[in-house]
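Here is a short briefing to read alongside your structure. Have the viewer open and follow along as each topic comes up.

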Amino acid sequence: EALAQACDYIRKMRADMGGTNILAPLTWIVRQPTFRCHPRLLFLLTDGAISNTGKVIELVRSHARYIRRMIKSLKKTMSPVLSDISIEWLFPETKEVLLSPVGNTFLFPGDSLIGYSVVCDTTRFHDNPKSVRHLLKGNS
């Protein structure tokens, strides 16, 4: 029903051949909080005559993690999304793991989730149990 209303509205629109000042609305949109489990999908339809083209492109690039190609996104808006994805890694206490990506991740049908990690050995920063016992025996 919403799609039919949107199509009807678009059919009634008439261009006045003026420039499109899209920077302010886009800036406002990307500053709005996102809702957990609901990825932001923004569709920008324009005639191509955008004011401040460089700044608009810069803004879009700075949010590229959330931007998808138009046709792919249109298809995915009708698909279920997998959200709140978490991966639990179990490592010994002597290891520290730096993971990427960090934060909310959304998977649409056909998407892949690729993660990267750096595993650091922190043995030299942890107390050696044998040396602690030796110190306790020596002080008693």
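Leaving out residues up to four places away in sequence, Leu 23 touches Asn 52, Lys 55, Val 56 and Leu 59. Please keep in mind that this is a predicted model.

*Nonpolar core*
- The largest nonpolar core is made of 5 residues, namely Ile 22, Leu 23, Leu 26, Val 56 and Leu 59.
- At least two residues of this core come from helix H2 (23–31), and at least two from helix H3 (53–62).

*Overall layout*
- The protein chain contains 5 helices and 2 strands.
- Reading from the N terminus, the order of the elements is α-α-α-α-β-β-α.
- Of the 140 residues in the chain, 10% count as buried.
- The accessible surface of the chain is about 12,200 Å², and carbon and sulfur atoms account for 58% of it.
- Among contacts with a separation of 6 or more, 66% are between residues 24 or more positions apart.

*Two loops that meet: Leu 107 and Ser 83*
- You will find Leu 107 in the loop between strand S1 (95–100) and strand S2 (116–121).
- Ser 83 sits in the loop between helix H4 (70–76) and S1.
- These two residues are 24 residues apart along the chain, and their C-alpha atoms are separated by 6.5 Å.
- Is Leu 107 buried or exposed? Leu 107 counts as buried because its relative accessible area is 16%, under the 20% cut-off.
- Ser 83 has a relative accessible area of 17%, so it is buried by that cut-off too.
- Setting aside neighbours within four places in sequence, Leu 107 is in contact with Pro 80, Val 81, Leu 82, Ile 85, Ser 112 and Leu 113.
- With residues up to four places away in sequence not counted, Ser 83 touches Cys 37, Thr 105 and Phe 106.

*Cysteines and disulfides*
- How many disulfides does the structure hold? The count is 0.
- As a reminder, a disulfide is a covalent bond that joins the sulfur atoms of two cysteines.
- Cys 7 is partly exposed, because its relative accessibility of 33% falls between the 20% and 50% cut-offs.
- Cys 120 is partly exposed as well, with a relative accessible area of 30%.
- Another cysteine to look up in the viewer is Cys 37, one of the residues that Ser 83 touches.

Terms used:
Residues numbered from 1 in each chain as written. Predicted model: local features only at pLDDT ≥ 70, side-chain atom pairs only at ≥ 80, totals over all residues. Heavy atoms only, no water. Helix = DSSP H or I, 4+ residues; strand = E, 2+ residues; numbered from the N terminus. Buried < 20%, exposed > 50% of the residue type's maximum accessible area, 1.4 Å probe, protein only. Contact = heavy atoms within 4.5 Å. Disulfide = S-S within 2.5 Å. Core = buried A, V, L, I, M, F, W, Y, C linked by side-chain atoms within 4.5 Å. Areas by Shrake-Rupley, 256 points an atom, 1.4 Å probe, with all protein chains shown as cover.
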